Amino acid sequence: MTTERMPTFFAPAERADRDTILQQARAFMETHCDKLMHAVPIMILVVNGQRQAIFANTTCLDLFGLKPEDALGMRPGDLFGCVHSRETEGGCGTTEYCTNCGAVRAMLAGLAGTRAHQQCRMLRQDAGHTEALELDVTVDPYELEGEQFAVLSIKDVSHEARRRVLERLFFHDVLNVVGGVRGLAEVLRGEAPESLGRISGILFESLDYLADEILSQKDLIAAENNELQPRPADLRALEFLLETGDAFAKGPAAKGVTVAVAPEARDFALRADPLLLRRVVGNMIKNAIEASRPGQTVLLGCRVEDGEGVFWVRNEAVMPREVRLQIFNRSFSTKGQGRGLGTYSILLITERYLRGRAEFSSRKGEGTVFRVVLPLA
C-alpha cells in the first residue's frame, strides 16, 4: 500500500501508491458526499492516512486549474505550491519548516480522531513568483470502510491579514501626523495676531475633530475584531452629556444647527468606559446634526428609567420607512456608498462593550430619537 520508510523531520513521509489512492477515491465517491462538497464555496480536501488527497472540491480545483484526477495523491503543500514541499523526498509535512505549519498539525490531529483548527502561514511559488499565503484550516476526522481520513476546510485569509496590518500602520502614522499638526495649530492659536485668531481657532478645532473621527474608525474596527479592552470608570451622566454635546456643537459639522440639553434631562451615576460611551453618544449627536437643517435644534437628554440609565438624542427629521427598516445594518446609509458605519457602531459598541442596548423611534410630530440604555453603577 505504501512506499518504504523515508526520512522525515516531522510527519510520516510515506505515501500510498496510485492504485490505493484510486480505490479510496472511488469509495468516497460512492458515499455521494462529493456532490455536497462541490457546492461549498470554500476549499475542501479529503486526505487519507498519508495526508494525500482522495478528493478536492470544485472551489479548490478551480483555484489551481486542476482536473479532479490531477489532485489525487497530492498533499496540501503540493497543491498550494509551498516553497518547502520540494526540499525533501517526503515533501509536504516532512521538512523542518513543517514543524510550525498549522495545516500539518491540524491534519495529524484529524487523522488521530480529533477536530482541529489552525492558522497556516505559507510561502508559495506561482508562475515563478513567491507570494505569502495565510490560511485558516479546520480539520474534521472522517471514517470510511474502517479507514481514518480527514476533511480539510481551507479559507484563504491573506487579504484579511494584510488589511489588518495596513489598518494598524495607517492609523498609527496618520494619527501621528494629525497630532503633530494639531500641536502646531495650538501654538499658532496662542500666538496668531488678532486678525488671524478666528481662523487659527477654526483650524485647531477642525484638526481636533479630524483626530476624533480617525480614532472613532480605529475603535470601530477594533470592536468588530473583539480587540477593544473597555476601561470602566465612574461617571456623572449630565456632566458627561454636557461635555460631549458642547464638543459637537462647536464642531465644523454643526453648520448652523443648535445642539442643546433638554430641560427634562436628569443626572445619574453610572460606570462605563468614557471613551466608548463618547463614541456612542457622539455618533448619535453627529447623525442628528447631519439629519437637521440650519436653524433646527438637536436635543440631548439623560435620565433613569425602570432602574436603567438612558441617554437620548432627538432631531426634528422623520425617517422614511425603508430607512427605518435598515437603520442598524452595517454599511447602510442614506448618504451614499461607503458610508453607514455610524448607527452600526452605536449598536455594536453599546451591546458588546457597554452591556446595554440601542433603540430608536421616528414619528411625525416627535422627530427621530436614538436611545442607549445602560446598567447603572
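Visitor: Which residues line the second largest cavity?
Guide: This is a predicted model: local features need pLDDT of at least 70, side-chain atom pairs count only at pLDDT 80 or more, and totals for chains, interfaces and linings use all residues. Residues are numbered from 1 along each chain as its sequence is written, and side-chain values use heavy atoms, leaving out hydrogens and water. A cavity is a set of points, on a 1 Å grid over the protein atoms alone, where a 1.4 Å probe fits but cannot get out; lining residues have an atom within 4 Å of a point. Here the lining is Pro76, Phe80, Ala103, Met122, Leu135, Val137, Leu152 and Ile154.

Visitor: How many nonpolar residues does the lining of the second largest cavity have?
Guide: Ala, Val, Leu, Ile, Met, Phe, Trp, Tyr, Cys and Pro count as nonpolar, Asp, Glu, Lys and Arg as charged, and the others, Gly among them, as polar. This lining has no polar and no charged residues. The nonpolar count is eight.

Visitor: Which elements each supply at least two residues of that lining?
Guide: Elements are DSSP runs numbered from the N terminus: helices are H or I with at least four residues, strands E with at least two. The elements are α5 (76-80), β4 (129-144) and β5 (147-156).

Visitor: What volume does the largest cavity have?
Guide: Two cavities of 30 Å³ or more are counted. A volume is the space filled by probe spheres set on the points, which are joined across faces, edges and corners. The second largest cavity holds about 30 Å³. For the largest cavity the volume is about 60 Å³.

Visitor: Which helix gives the most to the lining of the largest cavity?
Guide: The lining is Asp212, Glu213, Ser216, Phe248, Arg278, Arg279, Gly282, Asn283 and Lys286. By class that is one nonpolar, three polar and five charged. Both α8 and α10 supply at least two residues. With five residues, the top contributor is α10.

Visitor: At roughly what angle do the axes of α8 and α10 cross?
Guide: Axes are lines fitted to C-alpha atoms, for helices over the stretch in contact, and angles run from 0 to 180 degrees between N-to-C directions. These two axes come within 11 Å. They cross at roughly 115°.

Visitor: Which residues of α10 make the contact with α8?
Guide: Contact means heavy atoms within 4.5 Å. From α8 come Tyr209, Asp212, Glu213, Leu215, Ser216 and Asp219. The contact divides into two nonpolar, two polar and six charged residues. The α10 side is Arg278, Arg279, Asn283 and Lys286.

Visitor: Is α9 parallel or oblique to α10?
Guide: The axes of α9 (residues 237-249) and α10 (residues 274-290) come within 10 Å and cross at roughly 50°. Under 35 degrees counts as roughly parallel, over 145 as roughly antiparallel, 65 to 115 as roughly perpendicular and the rest as oblique. Therefore α9 is oblique.

Visitor: Which residues of α9 make the contact with α10?
Guide: From α10 come Pro274, Leu277, Arg278, Val281, Gly282, Ile285, Lys286 and Ile289. By class the contact has nine nonpolar, three polar and two charged residues. The α9 side is Phe240, Leu241, Thr244, Gly245, Ala247 and Phe248.

Visitor: Which helix gives the most to the lining of the second largest pocket?
Guide: A pocket is an open set of points with protein on both sides within 12 Å along at least five of seven lines. This one holds about 490 Å³ and has 21 lining residues, with Leu215, Lys218, Asp219, Ala222 and Leu228 nearest its centre. The lining divides into eight nonpolar, three polar and 10 charged residues. Six lining residues come from α8.
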